[in-house]
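Biologist: I would like to go through this structure and ask what stands behind each label. Please show it first.

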Amino acid sequence: MNFDPLSIGPTQSYRLMVGSIIPRPIAWISTLSSKNVLNLAPYSFFTVASCNPPVLAVTQVNPRDRAAKDTLTNLRTTKECVVNIVSENLAAEMNASCADYPADVSEFDALGIESEPGHAVKVAGVKAANVRFECVLREIIEVSTLPMGGTMMLLDVVNIYVNESILSQGQIAPELLDAIGKLGGDLYTTTRDRFEMSRPILK
Ligand SMILES: Cc1cc2nc3c(=O)[nH]c(=O)nc-3n(C[C@H](O)[C@H](O)[C@H](O)COP(=O)(O)O)c2cc1C
């Protein structure tokens with residue numbers, strides 16, 4: 001079966017993409033508004049854009065009812081954020097934080113989520129997150145300004161916090177991080193089913 005994106009439209013294209021581009025890691029992003037309100041929201045259109053320098057990429061799916069979501073609005077004005085990694089024990093709070101709270105309400109306060117001051121940025125992160133990437137806005141790329149179009153945020157990583165309790169032999173142990181990923185619809189996955197493969201060496 002083949003689908004022409006122009007014929008099926010953006011909603012069906014979205015469903016095919018979020019159903020097949022899985023599992024997606026979740027950037028649980030804290031930002032500060034111009035009025036100092038500490039915002040928190042999950043974004044699963046999230047990946048690494050560069051390691052040298054370290055840069056993260058997150059995409060806003062443009063809302064239909066307003067120019068931008070709070071995260072992008074805040075990044076445009078205050079330029080900093082913390083990308084908190086979501087372990088399974090934080091899943092319910094992460095999900096609750098995606099509700100459409102007004103810009104003057106902090107999800108931290110509304111949901112009783114404990115914050116931790118940033119090390120290199122003014123924005124606080126989620127205290128219970130075992131990994132926190134502190135970032136400064138590098139660039140905003142408006143891939144499409146249409147509703148459901150994408151606005152990509154490129155974020156320079158300026159500090160990486162790792163809780164020592166998730167390290168094993170100096171490396172992050174996936175079973176200790178216990179990160180969750182996003183599938184299509186309302187489905188999520190854990191990282192508990194793992195297998196190993198060495199990369200091939202051509203002789
Ligand atoms: C697990 C999860 C992943 C999400 N990923 C995205 C995403 O990648 N892009 C996006 O625009 N919205 C995404 N959303 C929806 C936003 O979190 C939601 O619109 C939220 O209200 C935005 O908050 P903000 O206005 O405080 O930025 C996701 C929601 C959940 C629960």
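Modeller: Let us start with a cut-off: a residue is buried when its relative accessible area is under 20%, exposed when over 50%, and partly exposed in between. The model shown here is predicted.

Biologist: Why is Thr151 called buried?

Modeller: The relative accessible area of Thr151 is 4%. Buried means under 20%, so Thr151 is buried.

Biologist: Where is Thr151, and what is in contact with Thr151?

Modeller: Thr151 lies in strand 10. Leaving aside neighbours within four places in sequence, its contacts include Val58, Thr59, Leu72, Arg76 and Ile140.

Biologist: What makes the pair Thr151 and Asn62 a polar contact?

Modeller: Their side chains are joined at 2.7 Å. The cut-off for a pair of N or O atoms is 3.5 Å, and one atom must be able to donate a hydrogen and the other to accept it. The pair is therefore listed as a polar contact.

Biologist: How do you know that Val55 is buried?

Modeller: Val55 has a relative accessible area of 3%. The limit is 20%, so Val55 counts as buried. Val55 belongs to strand 5. Its contacts beyond four places in sequence include Val48, Ala49, Arg138 and Leu155. The C-alpha atoms of Val55 and Leu155 are 5.3 Å apart, although 100 residues separate the two along the chain.

Biologist: What makes a group of residues a nonpolar core?

Modeller: The members must be buried, come from a set of residue types such as Val, Leu, Phe and Cys, and be joined through side-chain atoms within 4.5 Å. The largest core here has 23 residues, and those touching the most other members are Leu56, Val58, Val83, Phe133, Cys135 and Leu155. Elements that give two or more residues to this core include strand 5 (54-61), helix 2 (70-78) and strand 9 (131-142). Strand 9 gives the most, with four residues.

Biologist: What does Val83 touch?

Modeller: Not counting residues up to four places away in sequence, Val83 touches Trp28, Phe46, Leu56, Phe133 and Leu155, among others. There is also a second, separate core of 17 residues, which includes Val82, Val123, Val126 and Ala129.

Biologist: Which residues of helix 2 are buried, and what covers them?

Modeller: The buried ones are Asp70, Thr71, Leu72, Asn74 and Leu75. Their cover includes strand 2, strand 3, strand 5, strand 6, strand 9 and strand 10. Just after helix 2, Lys79 takes a positive phi of about 70 degrees.

Biologist: Why is the pair of Tyr14 and Phe45 called tilted?

Modeller: Planes under 30 degrees apart count as stacked, over 60 as edge-to-face, and the rest as tilted. The planes of Tyr14 and Phe45 are at 45 degrees, so the pair is tilted, with ring centres 6.5 Å apart. A search of the whole structure finds one aromatic pair.

Biologist: Are these two residues buried or partly exposed?

Modeller: Tyr14 has a relative accessible area of 35%, and Phe45 has 28%. Both values lie between 20% and 50%, so both residues are partly exposed.

Biologist: Which residues are closest to the ligand?

Modeller: Of the 20 residues that surround the ligand, the closest are Asn39, Pro42, Tyr43, Val61 and Thr71. A nitrogen atom of the ligand is 2.8 Å from a polar backbone atom of Ser44. An oxygen atom of the ligand lies 2.9 Å from a backbone N or O atom of Cys98. The protein covers 89% of the 640 Å² of accessible area that the ligand has on its own.

Conventions:
Residues numbered from 1 in each chain as written. Predicted model: local features only at pLDDT ≥ 70, side-chain atom pairs only at ≥ 80, totals over all residues. Heavy atoms only, no water. Buried < 20%, exposed > 50% of the residue type's maximum accessible area, 1.4 Å probe, protein only. Contact = heavy atoms within 4.5 Å. Near = heavy atom within 4 Å. Areas by Shrake-Rupley, 256 points an atom, 1.4 Å probe, with all protein chains shown as cover. Phe/Tyr/Trp six-rings, centres within 6.5 Å; stacked < 30°, edge-to-face > 60°.
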